[in-house]
Amino acid sequence: MKESVLLKQENLHLLSDKIVVPTYDRSKGKAGIIHIGVGGFHRSHEAYYTDALMNETGVLDWGICGVGLREADRKMRDILSDQDFLYALIVKHPDGKVETRVIGSIIDFMLSVEDPIAVIDRMAHEDTKIVSLTITEGGYNFNPATGEFNFDNPDVQHDLANPGNPTLVFGFLTASLKKRRAAGLPPFTVQSCDNVQHNGDMTKKMLLAFAGKQDPELAEWIKANVSFPNAMVDRITPCTTPTDIELLRSDFGVRGAWPVTCEPFCQWVIEDNFSNGRPEWETVGAQFVPDVTPYEKMKIRLLNAGHSVLGLLGSIHGHETIDGAVSDPLFAEYLRAFMDLEATPVLDAVEGIDLEAYKDSLIYRFGNPNIKDSLARICLESSAKLPKFLISTIHENLAAGGSIDYATLVIAAWCLYSDKGLSRHGVEFDIVDAMKDELHQAAMGTEDDVLSFLRLEPIFGDLANNERFSALYSEMVEALYEDPDIARLMEKILA
Ligand code: CS2
């Protein structure tokens with residue numbers, strides 16, 4: 001067997017020439033960006049764009065220092081630091097072609113659980129121009145039904161009482177911005193890269209709520225001086241599996257402990273609103289626009305919601321991956337009908353985008369047989385995702401008198417999923433959700449009170465009191481509890 005090469009800076013020249021490697025001098029890179037939440041998506045998206053920019057232009061001011069705020073980030077930090085912060089990005093095309101590049105834009109990584117002060121100091125350093133975030137939908141700490149900051153969270157209480165020793169992102173942003181202001185430095189831009197509509201506005205609102213409680217005068221300064229560009233981000237990035245690590249070794253001769261696999265498609269639409277300069281990401285394909293609203297709504301309500309439709313219905317049916325579900329004609333037809341009849345009527349037109357073509361492209365992307373995106377990943381943290389991805393569409397269709405059948409079945413399926421935790425064949429789901437217990441408790445009440453699940457007000461708002469919705473939902477839940485053959489109900493809706 002041919003020997004494989006350990007992924008390290010000093011070994012880059014030994015790699016096969018079919019792998020794209022950083023051509024810039026990483027040792028001279030400055031960390032202009034601090035990124036909180038280095039997971040697969042950050043590594044296939046912002047870090048990829050930044051690496052491509054550094055390769056293309058040789059600019060060195062926009063290196064990335066990763067930051068992990070949770071103990072669970074230690075593994076990523078340890079693996080990346082053993083590899084000089086390099087990792088392989090494996091892009092898998094639908095026709096089987098695989099491209100690999102080594103990403104070099106991450107040049108450092110810090111864990112706040114080891115040294116919170118060092119993280120605050122790094123964020124307050126004059127080289128830091130942007131603090132970007134992928135903290136997942138749940139990380140914004142808002143109550144989805146009211147949209148307000150959740151002060152009941154014990155970690156928030158801790159951070160308010162301990163400004164020098166925070167645990168959550170808002171505590172770190174507040175402490176470091178305070179330091180910058182005291183030092184007379186310009187503030188960094190806070191750039192959200194999560195699937196939250198108006199992600200910049202949302203981050204600003206949450207940060208101002210937190211900082212306003214801790215230091216009202218500082219909150220005023222943040223409000224007046226810090227930019228929070230809204231952005232739409234897109235690249236399907238499944239969880240890394242042992243097969244990816246093996247493919248990297250067998251087909252590319254590289255030993256890397258935590259590569260990232262993703263689809264070829266990549267999109268980043270950003271509002272051009274930065275407090276302290278920005279990389280020229282447009283050189284490598286990002287789009288800067290004055291208003292990102294229509295793009296983000298389109299993506300969240302079609303792509304992310306489409307994923308959730310396949311994720312929950314598909315899990316109950318016994319599918320395991322997105323490509324598996326969408327290659328089942330019933331699921332493909334149902335998905336398209338949901339998009340056409342429920343999601344599209346409440347979307348705004350996007351200049352320059354043909355929605356029909358966009359939907360076709362989503363179905364094509366979902367069908368990529370080499371991206372084995374698991375339904376378990378899609379169903380992760382549904383309580384933070386569904387209010388934005390799907391329930392908002394239901395609310396808007398209720399207000400407009402539009403169709404709600406397709407989405408309502410997904411909510412009924414979510415109730416069964418949370419209650420029994422089993423597919424119709426009895427396969428157990430591994431449910432990961434910050435609200436797992438509440439979801440389970442509420443769903444368990446269904447047999448006594450059919451609307452029990454809907455009474456989770458932070459998720460559903462007042463849907464339980466909406467007669468049209470609750471009547472339809474009750475009928476579907478009853479049918480599903482009687483016989484979890486979800487395909488039968490899908491066919492009925494399609495008929
Ligand atoms: C997915 C997203 O988390 C989810 O439910 O829909 O991670 C999706 O794959 C990305 O937003 C694609 O850009």
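In this predicted model, four strands form an open sheet of mixed pairing, in the order β2-β6-β5-β12. The edges are held by β2 (19-20) and β12, each with a single partner strand, so one side of each has no neighbour in the sheet. Strand β2 joins β6 through two bridges, and the two strands run parallel. Within this pair, Val20 stands opposite Arg101 of β6.

The β5-β6 pairing has another sense. Six bridges join β5 to strand β6 (residues 98-103), and these strands run antiparallel. Lys92 has Val98 of β6 as its bridge partner. Five residues lie between the strands in this hairpin. Gly96 takes a positive phi near 100 degrees there. On the β12 side, three bridges link β5 to strand β12 (residues 260-262) in a parallel run. Here the bridge partner of Ile90 is Thr261 in β12.

Strand β5 is mostly covered, with six of its six residues buried. In a regular strand, side chains alternate between the two faces of the sheet. On one side of β5 are Tyr87, Leu89 and Val91, and on the other are Ala88, Ile90 and Lys92. Both faces are covered, and the residues on each are all buried. The list includes the charged residue Lys92.

Thr136 has 18 C-beta neighbours inside 10 Å, so it counts as partly exposed.

A further set of pairings involves β3, β4 and β7. Strand β3 (residues 31-36) runs parallel to β4, and five bridges join them. Ala31 has Gly63 in β4 as its bridge partner. Strand β4 also pairs with strand β7 (residues 106-111) over five bridges, again in the parallel sense. In this pairing Gly68 stands opposite Leu111 of β7. Strand β4 (residues 63-68) is mostly covered, and six of its six residues are buried. Gly63, Cys65 and Val67 point one way from the strand. Ile64, Gly66 and Gly68 point the other way, and all six positions are buried.

In soluble globular proteins, nonpolar side chains tend to be buried together. The largest nonpolar core in this model has 139 residues. Those with the most contacts inside it are Val169, Leu207, Leu313, Val410, Ala412 and Ala413. Leu207 touches Phe170, Leu173, Val190 and Ile222, when residues up to four places away in sequence are not counted.

The record places "domain: Mannitol dehydrogenase N-terminal" at residues 32-282. This span is 37% helix and 20% strand, and its end C-alpha atoms lie 17 Å apart. The record places "domain: Mannitol dehydrogenase C-terminal" at residues 291-480. This second span is 65% helix and 0% strand, with end C-alpha atoms 42 Å apart.

Gly421 is placed in the loop between α16 (405-420) and α17 (436-444). Gly421 counts as partly exposed because it has 16 C-beta neighbours inside 10 Å. Leaving aside neighbours within four places in sequence, Gly421 is in contact with Glu428, Phe429 and Ile431. The C-alpha atoms of Gly421 and Ile316 are separated by 9.0 Å, although the two residues are 105 residues apart along the chain.

The ligand is surrounded by Asn195, Asp234, Arg235, Ile236, Asn304, His307, Ile378 and Lys385. By class, this shell has two nonpolar, three polar and three charged residues.

Key:
Residues are numbered from 1 along each chain as its sequence is written. This is a predicted model: local features need pLDDT of at least 70, side-chain atom pairs count only at pLDDT 80 or more; totals for chains, interfaces and linings use all residues. A residue is near a molecule or strand if its C-beta atom, placed from the backbone, lies within 6 Å of it. A nonpolar core is a set of buried Ala, Val, Leu, Ile, Met, Phe, Trp, Tyr and Cys residues joined through C-beta atoms within 7 Å. A residue is buried if 20 or more other C-beta atoms lie within 10 Å of its own, exposed if 12 or fewer, and partly exposed in between; C-beta atoms are placed from the backbone. Two residues are in contact if their C-beta atoms, placed from the backbone, lie within 7 Å. UniProt positions are given in the numbering used here, feature names are shortened, and annotations may be inferred rather than shown by experiment. Two strands pair if DSSP finds at least two bridges between them.
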